[in-house]
Amino acid sequence: MLSATQLECVRGDRRLFSDVSFAIDPGGLLHVEGRNGCGKTSLMRLLCGLSRPERGQIRWRGAPISELGEEYRADVLYLAHSNGVKDELSALENLLASARIGGEPLSEDGAREALAALGLHGREDLPAKLLSQGQKRRVALARLTTTRKPLWLLDEPVASLDRSAATWFESMLATHLGRGGVVVLTTHQEVCTPSGSSQHLRLAD
Amino acid sequence: MYAERIIATPALGRLTGPGPGPVTTLRYVVARDLTLAVRRRGDVLGSLIFFVIVVSLFPLGVGPDINVLRSMAPGIVWVAALLAVMLSLGRLFAADYTDGTLEQFMLSPEPLIILVLGKVLAHWLVSGLPLVLMTPVLAAQYDLPPASTAMLMAALLMGTPVLSLIGAIGAALTLGLRGGGVLISLLVLPLYVPVLIFGAGAVEADAVGLGGQAHLSLLGACLALALAFAPWATSAALRIAME
């Protein structure tokens with residue numbers, strides 16, 4: 001489904017990585033590893049099309065993503081380092097907004113149910129600035145429960161999550177892979193993933 | 001404690017049926033930005049109060065000569081409007097940039113140009129339109145006749161959207177730069193000059209009996225031009241800033 005050939009990424013005058021290739025089939029997971037600053041986030045930004053590779057090509061369902069444009073963006077869910085959670089909006093409004101902007105409008109009931117599933121019941125209407133770092137992350141992750149997009153690009157999804165939320169996330173991953181989704185994931189924490197279909201990519205520096 | 005649980009996950013694939021359409025998206029972005037503006041009242045009020053203070057200081061400094069004040073009024077109101085709009089430009093994309101929302105905008109299947117247009121429209125509603133509405137009160141300090149006040153308001157009504165549209169290009173180009181505020185004024189103020197000339201000119205032409213229609217038409221042309229090009233240029237600048 002998602003494949004990359006000989007990607008090279010240059011930031012400023014520093015070459016972060018070169019000759020990165022992989023191919024992920026439906027139901028597959030790619031675990032990107034490496035030290036801080038080795039280019040994990042840059043690779044994610046290349047994969048979601050925010051920036052362009054210096055060299056190499058990324059293909060989705062066989063077509064280069066630079067040609068797919070909006071069609072590709074409709075298939076991608078990118079959760080960045082920054083949560084995209086606005087302090088002034090409540091948890092509920094944040095979730096509704098990110099779903100709406102992602103092209104998958106949610107009903108208010110659906111959003112409340114998703115937040116409750118992440119243990120945020122009773123906190124839906126609090127402004128996000130009153131939530132802890134981990135709770136903000138949960139608001140961002142709540143998108144995963146409702147999305148129909150096949151490709152998940154998750155940058156440090158379990159950072160600042162507690163153990164029970166991390167377990168929840170692992171089972172969420174398993175569900176998504178089970179229905180034929182594709183996941184690219186960067187993390188420093190241990191994440192138990194269904195072993196059969198997962199690959200590891202180590203970015204050296 | 002609360003427990004996390006998996007809820008029924010939807011099947012993969014696109015939602016069937018036509019998308020929400022550009023007008024709905026536009027309305028949505030405007031409503032979202034207006035909500036944010038209401039919750040961050042201080043920021044918005046800052047530039048409006050700045051406008052009121054600048055316009056009110058001139059009569060105090062220049063003295064009570066009515067003829068001088070009358071002839072200066074349109075120019076002062078316009079310059080104060082330019083500066084007030086410029087003060088608020090820094091906020092246009094900065095918050096969305098820091099908290100990651102702008103990335104989500106870029107990755108949205110909705111066209112970026114519509115999202116940008118929505119943000120600019122919301123910016124005008126909170127930073128441009130109030131200037132127009134406050135003008136009659138401020139014009140009283142200059143003893144501007146009602147006909148001239150009306151013409152000034154009409155000119156501002158057509159000119160302030162241009163200020164927001166052009167300003168958005170500058171805001172996008174300076175996004176994430178240190179000292180972006182100074183750079184934005186260098187970039188944007190020269191582009192505001194035509195709006196200033198036609199806007200203040202409309203009132204003067206009307207006052208001497210020539211009629212302000214010609215100037216208003218030129219302002220309308222500026223607006224049409226800005227509406228056609230600014231969202232496109234802003235989107236392109238945002239894409240560069242996010243790379």
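A residue is called buried if 20 or more other C-beta atoms lie within 10 Å of its own. This model is predicted, and in chain A 49% of the 205 residues count as buried.

Chain A contains 7 helices and 9 strands. How compact is chain A for a globular protein of that length? The radius of gyration of chain A is 17 Å, close to the 17 Å given by the globule rule for 205 residues, so chain A is as compact as a globular protein of that length. Taken along the principal axes, the C-alpha atoms of chain A fill a box of roughly 50 × 35 × 30 Å.

Within chain A, one pair of helices can be followed in detail. The axes of H5(A) and H6(A) are 9 Å apart, and the two helices pack at an angle of about 115°. Angles of 65 to 115 degrees count as roughly perpendicular, and H5(A) and H6(A) are therefore roughly perpendicular to each other. The crossing of H5(A) past H6(A) is right-handed. On the side of H5(A), the contact is made by Gly110(A), Ala114(A), Leu115(A) and Ala117(A), while H6(A) brings Ala142(A), Thr145(A) and Thr146(A). Sorted by class, this contact has 4 nonpolar and 3 polar residues, with no charged residues.

Chain B is built from 10 helices and 0 strands. Along the sequence, its pattern reads α-α-α-α-α-α-α-α-α-α. The C-alpha atoms of chain B fill a box of roughly 75 × 40 × 30 Å along the principal axes. Of the 243 residues in chain B, 44% are buried. Among its contacts between residues at least 6 apart in sequence, 79% join residues at least 24 apart.

A pair of helices in chain B can be read in the way used above. Helix H3 (residues 66-89) of chain B packs against helix H9 (residues 180-207) of chain B at an angle of about 150°, and their axes are 9 Å apart. That angle makes H3(B) roughly antiparallel to H9(B). H3(B) passes H9(B) in a right-handed crossing. The residues making the contact include Trp78(B) and Leu82(B) from H3(B), and Val188(B) and Tyr192(B) from H9(B). By class, this contact has 12 nonpolar, 3 polar and 1 charged residues.

Ala139(B) lies in helix H7 (residues 129-140) of chain B. Is Ala139(B) buried or exposed? Ala139(B) is buried, because 23 other C-beta atoms lie within 10 Å. Leaving out residues up to four places away in sequence, Ala139(B) touches Ala73(B), Leu144(B), Thr149(B) and Leu152(B). Ile114(B) is 25 residues from Ala139(B) in sequence, and their C-alpha atoms are 36 Å apart in space.

The last step is the place where the two chains meet. There, 42 residues of chain A are in contact with 33 residues of chain B. Several elements of chain A each supply at least two residues to the side that touches chain B, among them strand S6 (76-79), helix H4 (91-101) and helix H7 (163-178). H7(A) gives the most, with 6 residues. The residues on this side of chain A divide into 17 nonpolar, 16 polar and 9 charged.

Key:
Residues are numbered from 1 along each chain as its sequence is written. Chains are lettered from A and ligands numbered from 1 in the order in which they are written. This is a predicted model: local features need pLDDT of at least 70, side-chain atom pairs count only at pLDDT 80 or more; totals for chains, interfaces and linings use all residues. Helices (H or I, at least four residues) and strands (E, at least two) are DSSP runs, numbered from the N terminus. The radius of gyration is taken over C-alpha atoms; the globule rule is 2.2 Å times the number of residues to the power 0.38. A residue is buried if 20 or more other C-beta atoms lie within 10 Å of its own, exposed if 12 or fewer, and partly exposed in between; C-beta atoms are placed from the backbone. Two residues are in contact if their C-beta atoms, placed from the backbone, lie within 7 Å. Ala, Val, Leu, Ile, Met, Phe, Trp, Tyr, Cys and Pro count as nonpolar, Asp, Glu, Lys and Arg as charged, and the others, Gly among them, as polar. Axes are lines fitted to C-alpha atoms, for helices over the stretch in contact, and angles run from 0 to 180 degrees between N-to-C directions. Angles under 35 degrees count as roughly parallel, over 145 as roughly antiparallel, 65 to 115 as roughly perpendicular and the rest as oblique. A crossing is left-handed if the near helix is turned anticlockwise from the far one by less than a right angle, and right-handed if clockwise.
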